[in-house]
Structures are given as C-alpha cells and as structure tokens.
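Please walk through this model with me, one region at a time. Keep the sequence and the 3D view side by side as you read.

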Amino acid sequence: MAESPATQHIELDEDHAHLGTGPIPAGPYYQPEYFDLEREAIFRRTWLQIAHISELPEPGSFIVRPVEIARASILITRGRDGEIRAFHNVCTHRGTQLVSDDSGKRSLFSCPYHMWTFSDDGELRSAPDFERFYVDKSQCSLSKVAVDVCAGLVFINLDSSPEQSLREYLGPFAEELEQLPVARATTFSEYTYEIEGNWKLTYDNFQENYHLRFIHPRSGEAANGPQNPFGYPIRYGFHGPHRTQTIWSNPDARPKPFQTFGFMKGAEFAIKDGFGASAQGKEYYAIFPNLFILGSPMTPFSQSVVPISANRSRGIIRMYWIGEDDCASRRFAREYAMATARDIHSEDRAVIQAGQRGLESGALSHIHFQSQEILCRHLFQEVDKRVEAYRAERDAARAKA
Amino acid sequence: MNTERNLPEGFEQLEPYVESWSIAGAANRSRRRIDSSEQERVAFFNAAKELAGPALALLDQKPLDQLDDRETRLMNLILSLAHVSLAVEIQGDDEPKHAKNSRHITITRASSDFNA
Ligand code: FES
Ligand SMILES: [Fe+2]
C-alpha cells in the first residue's frame, strides 16, 4: 500500500465531502459473516496494540494476552538479553496452551502436559524421553509472532511476515505518540467494560462529538458552548488507515470549585513531568483498527476496543503515569483524573448497546454519517476496503484450486 | 460514644465520615459512591471539600509508605472525595441514572492501589 508520508488535515469549516457522502451499509455492524471476514482481512494481518512496555519491566518478565477474535493467546517475554519477543502460547508437542498465568517472572516455560520446556527466546530446551521422537529439537521452537514497540505501546502482528514494519504502519503518528506521557510511563491505572456491541459501532461512539451534549450533559459541559454547540473538533487529520482530531474546548467554561481543585493538582504534576505546553495536548489519535490515544497530559488515556464477536466487545481504558505515586497530592490527582474519565466513558455504554439492538433487528439496510461523523465514515471505508480485498484474494485462490 | 481519634489533629470535622468513606482500594471507593444515597454523599462532600487542600498539604510532608494509621485513613477519605465530588458537583440529580451505567465499568488497577 503506497501511502502519503504526511498527515492530511481538514479544518472545521472546510468541506468534509472528500470521503464521500453516501449512506453506509448496516450489515457490517452486526453480521457474523462480516466479522469473520474482518478476522482474516484485518485482525490476523494488522499491527494490534496488546500491552504497555511497563508490563515487561525486566529480563524474565512475561505476560500472556488473549486475542479473542483470532482465538489466539500470545506469550510476550523480555529475555535475559532485554529483547521483547512474542509467541503463540501453544506447546509445539501437541498444542496445549503453555502458560496459564497472565503475567509473572520466569525464563523457562514448561508445558503442564508432558513437560516440554521452552526458554524465553522460544527454543525447546528440554523434553522428557525426547530420543523417542522423530523430530529435531530445533524444529520445535514456539511459533513466533511479530512484535514491536512504539511510544511504550507493545504491538503484535499475527501475519507471519507483516507487510509493513510498525513504524511504517504508524507513519508520522509514531513520532507524535513518542512525545506523549504513554511513551515515558512506568505504570498505569485501568478500567474495563464488556459491551453487547460490535467493535466498530463501539469505536465510532468515541470518534464523534455529535452525541456529547445528549449523552454527557453534565460530565461534558466544557466540551461545548454557544460558539460550538456540538463541540465539534477544530480539525481532523488522516494518515492511511489512521486518523486524529484536534479537540475544541470552550474557553469560557467554568469548572466547578472542587473540579478546579482536582484539575489544578493534575496540572501541577503534568508540568513537573515536563508536559506543560504539549503540542499534542489536544490531539486524539485513532490508530487503526481499534486503539485510541488522547494526547492530553492531564488525562493521558488509551482505549482499546477489543472485538469478541460480531456483537460483543470489550473496552480497556488505561491512564499512563510516570513513576509510582510519590506523594499524597499526586495520588489524589491521579485518582481524580481516572474517576473523571471513567465517568464520561461509563455514560456511553448503554446507548451503544441500544444501537446494536436496533441494527440487529435488520430494520435498516443503511445508516447515515454527517460531515462531522467523518472519522466513523473513514473507519468503515478502511475496514471495508480490506474486507473487499480479502474477499477478492480468497475468491481468486478458490478459483485456482 | 467512641471518643478515640481516627484522624490527624485538625480534621475532627471529618471523624463522622471515617467509617463510611475511608476506604482502601480505588475500585472499592468507586463502588461505595455508586451504592451511596444522595444524603450521605452531600453530607460528606460539604464537610470535606474545604479540607481536601489542608489534608493533602499535611500528607505531602511524608512519603506515602510512611503514613501512620490516622494519616492513611485521611488519605483514603480524600481519595473517596474525588469520586463523591463527581457525583455531587458534576452529576447532581443525574447521579442515580449515571450510577446505573457506572456499575458496568470495572476499575481493574489504579496507581493508588500500589504500596498503599
Ligand atoms: S502437549 Fe505440551 S508437552 Fe505435550
Ligand atoms: Fe461519549
């Protein structure tokens, strides 16, 4: 895929029609057949954020993470050499899931079934009574998964030879993400939710502001105002399958007294950490397919919308911190920031589920996106383009067979 | 009546709230907010909001792992206030509706849960 090296921007008052204006088919937001195609066309061949580097702090650290849509479990290790490696968490003897803990510190992994033992670089170290096998140990290494790190975020790619490196894939966003707190974070807070909603429908909720005044009338007060009643972004940016928006905030907003106290505490530590005047402070990145990162040093969160099935997803929100809580004020500031973001996120779930129920009735053949829902339109187009290409590739392979 | 002091000197006004609101663990504090009545929340918020500044100023004088029991209770009380303030100051009479949605969002890890 040849992609322009720069991010293309459109400002608030510009024409937003370059991605088209037509209605969007509803089926892709609930049909299991489409979800099956997304599995192959996207999730088995795209860089997916799966962890943060702080979860692998030292040689011997490991984590195990599920990728439900691919029915996979991934073992990620930091070797004695400091290298991060990823493998399918599958014993090469007869396929048993190798590690059942989801994190720990260990450099040897023994399969519970017949005790094949692998080192953290994936090699088969020892196996009982191995002389009776008809295979060489060197043929029995764990199955490797591509892994790379950008801005402290650990990505994997289930494609055995990814079309692009992670850096190429992220393009100019790689550089921008490296400037954010997430890149320097050593720890994080996390909250999660399970939702009866397709991953795209869920994701879309978090990339349009049209709903803010209706769904977040209290928690979202500062996000709109008479000059911008819907709180639309100042501009949108696109790079390949990724997108960003520059958030508008109401300069006349009047935070409540305790809210001001909470924000001031947050600002104090953002400045201490060197994020006083961050150029990306108002950027809200949407990294294809399912990751968001907010640039704000006061609310430095990421959200992954993890696809589980055609109508089920999981949201994982993390707020990234540099260093452990080192004093009461910092501890308070972090708790306040987390509770604030959590309040806003919690308000969206019910209405997304209502959307899923409506779509699943099959009542609609199409849905509509307005010009300020352009990021949702862009996601659909990027998904559908890949699904169509995969369909063509599959049909050609079938015709040949 | 129990006359034993649970909080550092200067925070006597908050003694009646220790039992209900001095809670270890961010997930537990968040849950307590969701399960509370408006009356409890408003009483606690009004009593504590002006004392958050002085409380943090006192607690900031020591590393967190050296806080004594009274100081730890005060810390947890002020952390609960972060959650409760959002209910009282931001959500207001929307809080019951908000709480219904909020139940589905689980805090799985918080920086305040470490070396507390
Ligand atoms: S399946 Fe793992 S050792 Fe046999
Ligand atoms: Fe929302």
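Two strands count as paired if DSSP finds at least two bridges between them. Keep that rule in mind for a pairing that crosses from one chain to the other. The model shown here is predicted.

Start where the chains meet. Strand β13 of chain A is joined to strand β1 of chain B, residues 106-109, by three bridges. The two strands run antiparallel. Because two bridges are enough for a pair, β13(A) and β1(B) qualify with three. Within this pairing, look for A:Glu190. Which residue of β1(B) does A:Glu190 stand opposite? The residue facing A:Glu190 is B:Arg109.

Now widen the view to the whole interface. About 3600 Å² is buried between chain A and chain B. Carbon and sulfur atoms give 54% of that area.

How many salt bridges are counted between chain A and chain B? The count is three. One of them links the side chains of A:Arg218 and B:Asp93, with an N to O distance of 2.9 Å. Polar contacts can be counted too. Across the interface of chain A and chain B, 26 residue pairs are in polar contact, with both residues at pLDDT 80 or more.

Which elements of chain A build its side of the interface?

Leave the interface and turn to the sheets of chain A. Seven strands make an open sheet with antiparallel pairing. Follow them in the order β3-β12-β11-β6-β5-β4-β7.

Strand β4(A), residues 61-67, pairs with β7(A) over three bridges in the antiparallel sense. Here A:Ser61 has A:Lys105 of β7(A) as its bridge partner.

A second open sheet of chain A has three strands, in the order β8-β9-β10, with antiparallel pairing. The edge strands are β8 (108-110) and β10 (124-126), and each pairs on one side only. From one strand to the next, the twist averages 40 degrees. Strand β9(A), residues 117-119, meets β10(A) in an antiparallel pairing over two bridges. In that pairing, A:Thr117 has A:Ser126 of β10(A) as its bridge partner.

Finish with two backbone details. Most residues other than glycine have a negative phi, and most peptide bonds are trans. A:Asp129 is not a glycine, yet its phi is positive, at about 55 degrees. Find A:Asp129 in the loop between β10 and β11 (144-150) of chain A. The peptide bond joining A:Phe288 and A:Pro289 is cis, with omega about 0 degrees. A:Pro289 sits in the loop between β16 (283-287) and β17 (291-294) of chain A.

Methods. Residues are numbered from 1 along each chain as its sequence is written. Chains are lettered from A and ligands numbered from 1 in the order in which they are written. This is a predicted model: local features need pLDDT of at least 70, side-chain atom pairs count only at pLDDT 80 or more; totals for chains, interfaces and linings use all residues. Side-chain values use heavy atoms; hydrogens and water are left out. Helices (H or I, at least four residues) and strands (E, at least two) are DSSP runs, numbered from the N terminus. Axes are lines fitted to C-alpha atoms, for helices over the stretch in contact, and angles run from 0 to 180 degrees between N-to-C directions. Buried area is the accessible area (1.4 Å probe) that two parts lose on being put together, summed over both. A salt bridge is a side-chain nitrogen of Lys or Arg within 4 Å of a carboxyl oxygen of Asp or Glu. A polar contact is a pair of N or O atoms within 3.5 Å; within protein, one must be able to donate a hydrogen and the other to accept it, and residues adjacent in sequence count only if both atoms are side-chain atoms.
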